[in-house]
Amino acid sequence: MSPRPQYSPFSSLYSDLLLLLSLDLAFRTAPSFLVCSLPRSPHFQRGRETMTRKCGVLQRAALWFRLALLLLSSVGYAAAAGGCSSVAFPSNRIYAACSDLPRHSSSIHWSYDSAAATLSFAFVAPPAKPEGWVSWAINPTADGMLGSQALIAFHQPDGSMGVRTYNITGYASIAEGPIDFNASNLAAEYSGGAMRLYGKLKLPAGMTVVKQVWQVGSSVADGVPQKHGFQPDNLQSKGTLDLIKGAISPSGGSTNVKKNVHGVLNAVSWGIMLPIGAIIARYLKTFKSADPAWFYLHVTCQIVGYGVGVGGWAIGLNLGSKSKGIQYTTHRNIGIILFCLGTLQVFALFLRPSKDHKYRFIWNIYHYLVGYTVIVLGIVNVFKGLEILSVDHKWTMGYIIAVAILGGIALFLEVVTWSVILKRKDARSSSNGV
């Protein structure tokens with residue numbers, strides 16, 4: 001038996017944790033350096049105690065930022081925790097490795113015996129409809145549907161679950177028949193809205209990387225699975241599986257990697273970091289002791305977010321230039337608008353009038369309008385991107401939860417801010433009355 005591949009939903013989180021710690025260190029030290037190491041100009045020399053207090057406020061603000069970042073990252077971790085490793089099988093079915101597949105909310109579980117060249121596996125996926133079917137196949141000659149040696153699970157005419165084999169030679173209706181691999185221990189079950197297809201295949205000696213194709217359909221007629229849909233998920237449910245290393249490579253190779261990187265960068269920047277920066281600016285500046293700490297936190301968050309977003313935007317342009325005949329006009333146009341408005345905001349920082357300048361009020365209106373427009377369009381475009389990528393529903397829900405958390409924090413701080421403002425107003429009225 002081959003050694004168990006070290007692969008699980010949590011194994012990829014170690015690198016994510018390192019990234020999180022790096023971001024934490026950056027946001028903890030950069031603003032502190034900006035404020036606490038300011039040159040001793042007359043503007044900032046208000047005494048040692050004043051500077052110490054401001055540095056303390058900054059550090060507390062950075063702590064709250066880190067806690068929010070940790071909370072948001074835990075959403076993604078929780079989503080990953082519900083992956084293939086959480087699938088429970090009967091006690092007589094144990095597999096050495098598993099991997100979540102990028103389409104159809106499916107997963108593949110397997111054990112590979114290199115000495116006997118046998119592959120025991122379980123494929124888990126919800127059918128398109130309860131009366132539909134699921135399929136997993138190996139294609140020894142190509143990387144698509146034609147030539148694939150398929151096993152399809154569906155409800156048999158007597159109502160029981162069963163598995164049948166098909167050699168896919170065309171796009172017309174399929175016919176049951178033998179496949180190129182000796183198949184045994186075929187079985188299937190349906191529970192909890194998902195079908196589980198079990199089997200054991202005898203592979204050619206030395207075949208440790210297989211080209212897999214998986215699919216789901218919505219109907220079966222007279223014991224024959226009918227055609228599946230032709231949505232992006234259906235057309236892209238293929239790739240390679242390394243039985244030794246446990247590595248999954250989706251169809252499309254580097255293009256799919258770029259799409260995922262594009263999505264992650266833009267979701268983190270336009271969809272999370274910029275809203276956090278806006279929250280910092282709107283609410284921390286209410287507290288006099290947070291000045292100028294809130295400003296440097298705000299600028300740091302927005303500039304880093306803008307830089308990350310521009311990187312994601314550039315990858316999107318590259319992907320668009322390579323996708324001949326495939327256009328996502330709305331997503332692309334919103335992305336271009338975001339880049340233009342974000343760039344204007346960065347340049348506006350260098351043209352910011354002083355607080356007592358006659359044009360400062362006009363600049364503030366411009367800054368608020370453009371900033372909030374960028375935040376709204378950024379969040380909208382993240383959802384557009386998630387729809388285009390056809391990601392699992394859990395990732396969309398994860399982002400919805402992240403936005404809801406930020407919205408809840410903003411609502412709470414809005415109440416706190418107005419209470420502080422009203423108390424100050426009452427205090428001034430009382431002092432004037434005296």
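Reply: I362 is found in helix α7, which covers residues 360-389. The model is predicted, and every value below is computed from it. I362 has a relative accessibility of 53%. Exposed means over 50%, so I362 counts as exposed. Together with Y359, F361, I365 and L369, I362 makes a nonpolar surface patch of about 560 Å².

Of the 434 residues, 42% count as buried. The chain has eight helices and 13 strands. Among contacts between residues at least 6 apart in sequence, 64% join residues at least 24 apart.

Next, the inside. The largest nonpolar core has 31 residues. Those that touch the most other members are I108, W110, F123, W136, L201 and L203. Several strands each supply at least two residues of this core: β2 (107-113), β3 (118-125), β4 (133-138), β5 (149-155), β6 (161-167), β8 (194-202) and β9 (209-217). Strand β3 gives the most, with four residues.

I108 shows what such a position touches. Leaving out residues up to four places away in sequence, the contacts of I108 include A97, C98, S99 and L101. F121, A122, F123 and W136 are also among the residues that I108 touches. Further along the chain, I108 touches Q212, L241 and I248.

There is also a second, separate core, made of 17 residues. A267, C301, V382 and A410 are among its members. C301 has a relative accessible area of 1% and is therefore buried. C340 is another cysteine to compare with the cut-offs: at 40% relative accessible area, C340 is partly exposed.

C84 and C98 form it, with their sulfur atoms 2.2 Å apart. The limit for such a pair is 2.5 Å. C84 lies in the loop between α2 (48-81) and β1 (97-100), whereas C98 lies in strand β1, and the two are 14 residues apart. The torsion about the S-S bond of C84 and C98 is about 60 degrees, so the disulfide is right-handed. Both ends are under the 20% limit for buried residues: C84 is at 2% and C98 at 8%.

In one, D233 pairs with R103, with the closest N and O atoms 3.1 Å apart. D233 lies in helix α3 and R103 in the loop between β1 and β2, so the pair ties together parts that are 130 residues apart in sequence. D233 has a relative accessibility of 18% and so counts as buried. R103 is buried too, with a relative accessible area of 9%.

Another salt bridge joins E414 and R282, whose closest N and O atoms are 2.8 Å apart. E414 is in helix α8 (residues 393-433) and R282 is in helix α4 (residues 254-284), 132 residues apart. R282 is partly exposed, with a relative accessible area of 36%.

E189 and R196 form one more of these pairs, with the closest N and O atoms 3.6 Å apart. E189, at 26% relative accessibility, counts as partly exposed. R196, at 15%, counts as buried.

A last stop is H228, in the loop between β11 (224-225) and α3 (232-235). H228 has a relative accessibility of 15%, so it counts as buried. Not counting residues up to four places away in sequence, H228 touches W133, M145, Q215, V216, G217 and N234.

Terms used:
Residues numbered from 1 in each chain as written. Predicted model: local features only at pLDDT ≥ 70, side-chain atom pairs only at ≥ 80, totals over all residues. Heavy atoms only, no water. Buried < 20%, exposed > 50% of the residue type's maximum accessible area, 1.4 Å probe, protein only. Contact = heavy atoms within 4.5 Å. Patch = residues over 30% accessible without salt bridge, like charges linked within 9 Å, V, L, I, M, F, W, Y side chains within 5 Å. Areas by Shrake-Rupley, 256 points an atom, 1.4 Å probe, with all protein chains shown as cover. Salt bridge = Lys/Arg side-chain N within 4 Å of Asp/Glu carboxyl O. Core = buried A, V, L, I, M, F, W, Y, C linked by side-chain atoms within 4.5 Å.
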